Amino acid sequence: MGKIIMIGAMKGGVGKSVTAFNLAYSLQKRGKKVLAVDFDPQSNLTTCFGAEDVDVSIGDLMMNMIEDEELPERDEYIWERNGVDFIPSSIGLSAVEAKLRLEMGTEKMLAVILDPLKDDYDIILIDTSPALGALNINAMAAADEVIVTVNPQLLAMKGLQDFLKTVKKIKSRINEKLDVAGILLTMCDARTILCKTITEQVTETFNGQIRIFKSKIPSTVKVGESVYYSEPLTEYAPGCNACKAYERLAGEVIADEG
Ligand SMILES: Nc1ncnc2c1ncn2[C@@H]1O[C@H](COP(=O)(O)OP(=O)(O)OP(=O)(O)O)[C@@H](O)[C@H]1O
Ligand SMILES: [Mg+2]
């Protein structure tokens, strides 16, 4: 039975999509069967996978659910790229957000879509948008765990508390199995003072309550390049520090399975 992990944060540009993409391949390298779900209308993860001419996106599946219609066959919406499966997104998902707010009882639409897929995967990763709207509530309602990405460059602590508060609310009201897997520092070079300071600050604030992953993802131009070429770091720059960090992170995420 697979585990669903949401990659989330209330901030934009903190490495959520890059993390979803590279963690997927790092987990696959460790023998895990992975499905990555792009649940952001920006569709950056879909771009990372190099998917074009998307016919059926996650937005279409959500619309099917809201309208009580049957879902299409899996091979119409599950794509595969070098051993990792994914469900693409499109800008149409933004219309779903509005629709979710108008209809009643729609928090579990994504959960209902993903639940039957749990049998076929070890880990399902959900990449999400930076807003805290109906889409992310759906993602939290579907997830077993959340990995919160934090970029020290972007006033890291701001928004983090609010995000964690929302996770707590969803846990008590909608999805009692939801937990925070940990906080992941991205674009954080362990040798810089800023990274050290933020790590200390986050550790002091959440010590004993929330795990801070030992793996921190350093900043490197290789990330931007690999996204440009739609290749994960395991293919584009296997030896680079960020790639190694994502591979260590995969180890920490799996060790968690216990
Ligand atoms: N470790 C890294 N080193 C250098 N650049 C990085 C790194 N991680 C991410 N980036 C770059 O930072 C930008 C933001 O990353 P990403 O798209 O993953 O953030 P995001 O949190 O998903 O943003 P959004 O909230 O808009 O979806 C991208 O241009 C990406 O290439
Ligand atoms: Mg993103």
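Me: Does Thr149 count as buried or exposed, and at what relative accessibility?

Reply: The model is a predicted one. A residue is called buried when its relative accessible area is under 20%. Thr149 counts as buried because its relative accessibility is 3%.

Me: Where does Thr149 lie, and which residues is Thr149 in contact with, leaving aside its neighbours within four places in sequence?

Reply: Thr149 belongs to strand β6. With neighbours within four places in sequence set aside, its contacts are Ile7, Gly8, Ala9, Val14, Gly15, Lys16, Thr19, Leu184 and Thr186.

Me: How should I read a salt bridge, and how many are there by this rule?

Reply: The general idea is that side chains of opposite charge can pair when their charged atoms come close. In this structure, the count by the rule comes to nine salt bridges. One of them joins Lys3 to Glu145, with the closest N and O atoms 3.2 Å apart.

Me: Which parts does the pair of Lys3 and Glu145 tie together?

Reply: Lys3 is in strand β1 (residues 3-8) and Glu145 is in strand β6 (residues 145-150), so the pair ties together parts that are 142 residues apart in sequence. Both Lys3 and Glu145 are buried. Strand β6 is also the place of Thr149.

Me: What does Arg74 pair with in a salt bridge?

Reply: The side chain of Arg74 meets that of Asp120 in a salt bridge, at 2.4 Å from N to O. This pair links distant parts of the chain, 46 residues apart: Arg74 is in helix α4 (residues 74-77), and Asp120 is in the loop between α6 (109-114) and β5 (123-128). Arg74 is partly exposed, with a relative accessible area of 34%. Asp120 also counts as partly exposed, at 39% relative accessibility.

Me: How far apart are the closest N and O atoms of Arg81 and Glu235, and which elements hold the two residues?

Reply: The closest N and O atoms of this salt bridge are 2.8 Å apart. Arg81 lies in strand β3 (residues 79-81) and Glu235 in helix α11 (residues 233-236), so parts that are 154 residues apart in sequence are tied together by the pair. Arg81 counts as buried, at 15% relative accessibility, whereas Glu235 counts as partly exposed, at 31%.

Me: Which residues gather in a patch of negative charge on the surface?

Reply: A patch of this kind requires residues with over 30% relative accessible area and no salt bridge. Here the patch gathers Glu52, Asp53, Asp55, Asp60, Glu73, Asp75 and Glu76. Glu52, one of these residues, is in the loop between α2 (44-48) and α3 (58-66). At 62% relative accessibility, Glu52 counts as exposed, because exposed means over 50%.

Me: Where does Ser43 lie, and which residues does Ser43 touch, not counting residues up to four places away in sequence?

Reply: Ser43 is located in the loop between β2 (34-39) and α2. Not counting residues up to four places away in sequence, Ser43 touches Asp38, Ser89, Ser90 and Ile91. Ser43 is buried, its relative accessible area being 11%.

Me: What separates the C-alpha atoms of Thr47 and Ser89?

Reply: A separation of 9.3 Å lies between these C-alpha atoms, for residues 42 places apart along the chain. Thr47 is in helix α2 and counts as partly exposed, at 44% relative accessibility. Ser89 is also among the residues that Ser43 touches.

Notes. Residues are numbered from 1 along each chain as its sequence is written. Chains are lettered from A and ligands numbered from 1 in the order in which they are written. This is a predicted model: local features need pLDDT of at least 70, side-chain atom pairs count only at pLDDT 80 or more; totals for chains, interfaces and linings use all residues. Side-chain values use heavy atoms; hydrogens and water are left out. Patches are made of residues with over 30% relative accessible area and no salt bridge: like charges are joined within 9 Å, nonpolar side chains (Val, Leu, Ile, Met, Phe, Trp, Tyr) within 5 Å. Accessible areas come from the Shrake-Rupley method with a 1.4 Å probe; for residues, only the protein chains shown count as cover. A salt bridge is a side-chain nitrogen of Lys or Arg within 4 Å of a carboxyl oxygen of Asp or Glu. Lys and Arg count as positive and Asp and Glu as negative; His and the chain ends are not counted. The place of a charge is taken as NZ of Lys, CZ of Arg, CG of Asp or CD of Glu. Buried means under 20% relative accessible area, exposed over 50%, partly exposed in between (1.4 Å probe, protein chains only). Contact means heavy atoms within 4.5 Å.
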